[in-house]
Amino acid sequence: MKKVYVLAPSKIGTIKPEIYGHFTEHIGGVIYDGIYVGKDSPVENVHGFRKFIIDKLKAINAPVVRWPGGCYAEVYDWRDGVGEDRPTRINWWTRHDKRYESNEVGTHEFVDFCELVGAKPYFAANVTSVSPMHIRNWMDYTMSPAGTTTLAKEREKNGRAEPFDIPYWGIGNENWGGGGNMTPEYYAENFRRFATLAQNAFPDVKRIACGPNAEDYEWTRRFLAVARDCPSLIDGYAMHYYCWNLRDEVTSFENNDWNRMMWLSYHIQYLITRHWAYIQGYGLENRAKLYVDEWGAWYKEGTGPSGGANLYEQQSTMRDALITAIHLNTFNNNCEKIDMANCAQLVNNLHCLFLAAGENCIATPTYHVFDLFKTHMGGTCLRTANDAGTTDYHGIKGDLLKFDNLSTSASVKDGMLTVTIANASPEQDIPFALDIAGLDVCGDGEMTLLVGDGICDHNTFEEPERVVPKTTPITADGLAEIVIPHASVVAIRIPVTER
Ligand code: AHR
């Protein structure tokens, strides 16, 4: 019998809830007809935001939502999104989809959405097209105490006397690319200017620096070499990682296409290890924790319900459920290095949790994985291991690569053990025993399984509940033989005591 081991004496750290974060950009159908339908819409809404999405995000305890971009952040002027008579502007993405930005959703509306969900806002601030006073003034407007500054009074005039709670501020987005095509040194100097003003005005908020695109270790090395002289300015270091696959069909693919995405998902561990080695090398491991503030699969255009009208909207299958589970297990297992991660993006976009259009709104298999994993939030991560073998994958150049069949993580919180396991094999069902070292099972638990009818299975507006999780009871004896079907994700929750 193969085994999955939970090694309770080996504790990795606390899993910050923010690892289960989200991202909404003013792009395509994410904001308009995504989260926001307008107060007068026939679609059920709260203050103009889709009730379906609010309720579903509450159900998974969504901790944080990043906004307003992405690339869009680098052309965003927060003044356009407050008060009456908001201007219409060219969006970063207008040249791709000919849509202009109405600014109907701005600072007040977005924070309202977060408050309805119970999530914290994470603002990504512009550093490409403005001066450091821009972020200083946006902070002043949003966070100065009621009745103090002129901007706080303007906020009150616009309907909000008390300050907003915005604990996370990104200093730029992808400044190696859309954010100004800067060199790491030039960005680092600018980070120091912007972060100094931000720190001076509101020292307690987290300031997150723009980190690398995936494997760009040079960006990390060269940024840190300049930024390390001012370590107190850095509270986090953002990294973006997309699993690209513009080749195959998104809802009708073969095993090897599946395998490619599994391999790319596991590969994030390698990136974390190498970037972290630089962070440690520069002595910044207590300041520059990783914020993987964009991650997910990126397929070719036009596979979502809008047929390409919503930029970057893509359908989400069981393959994406496995990609999600492998990423979340990896984040858990590196929780001493990672303070936040944000799945890109929430709705009608890349690796989305929801697809929506008018009256229609469905949860994708990716959403259900977040639901399976939610009890990890705030738990103590325990090391896991398994001997369930590997799957061969023939890479694009024909090279033979391998990945583990089972991706696992475990945590304990308030006497409840959560173990999440993804079977990344597209064809092998795997029987295994769950072997728990250092904990005694002290009651009955439950097991929730997410599996489709085949690796390409997915939900649609016509069949919104084709792929949904199913929960069954499990006893201590039942842990001795569990079968995890191929291409599935399982969460086991069972009460335990320390031995
Ligand atoms: O998520 C879509 C885009 O991908 C974001 O705007 C950008 O930050 C990244 O390149």
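Guide: Let's start with a pair: Asp-339 and Lys-16 form a salt bridge, their closest N and O atoms 3.3 Å apart. A salt bridge here is a side-chain nitrogen of Lys or Arg within 4 Å of a carboxyl oxygen of Asp or Glu.

Visitor: What does the pair tie together?
Guide: Asp-339 is in strand β13 (residues 338-343) and Lys-16 in the loop between β1 (2-14) and β2 (21-23), so parts 323 residues apart in sequence are tied together. Strands (E, at least two residues) are DSSP runs numbered from the N terminus.

Visitor: How many salt bridges does the whole structure have?
Guide: The search finds 26.

Visitor: Wait, what am I looking at here?
Guide: It's a predicted model: local features need pLDDT of at least 70, side-chain atom pairs count only at pLDDT 80 or more, and totals for chains, interfaces and linings use all residues. Residues are numbered from 1 along each chain as its sequence is written, and side-chain values use heavy atoms, with hydrogens and water left out.

Visitor: OK, new topic. Which side chains have a polar atom by a ligand oxygen?
Guide: Glu-174 has a polar side-chain atom 2.7 Å from a ligand oxygen, Glu-294 has one at 2.7 Å, and Tyr-242 has one at 2.9 Å. A polar contact means a pair of N or O atoms within 3.5 Å.

Visitor: And how much of the ligand does the protein bury?
Guide: 93% of the 280 Å² that the ligand exposes when taken alone. Those areas come from the Shrake-Rupley method with a 1.4 Å probe.

Technical notes. Polar contact = N/O pair within 3.5 Å; in protein donor to acceptor, adjacent residues only side chain to side chain. Helix = DSSP H or I, 4+ residues; strand = E, 2+ residues; numbered from the N terminus.
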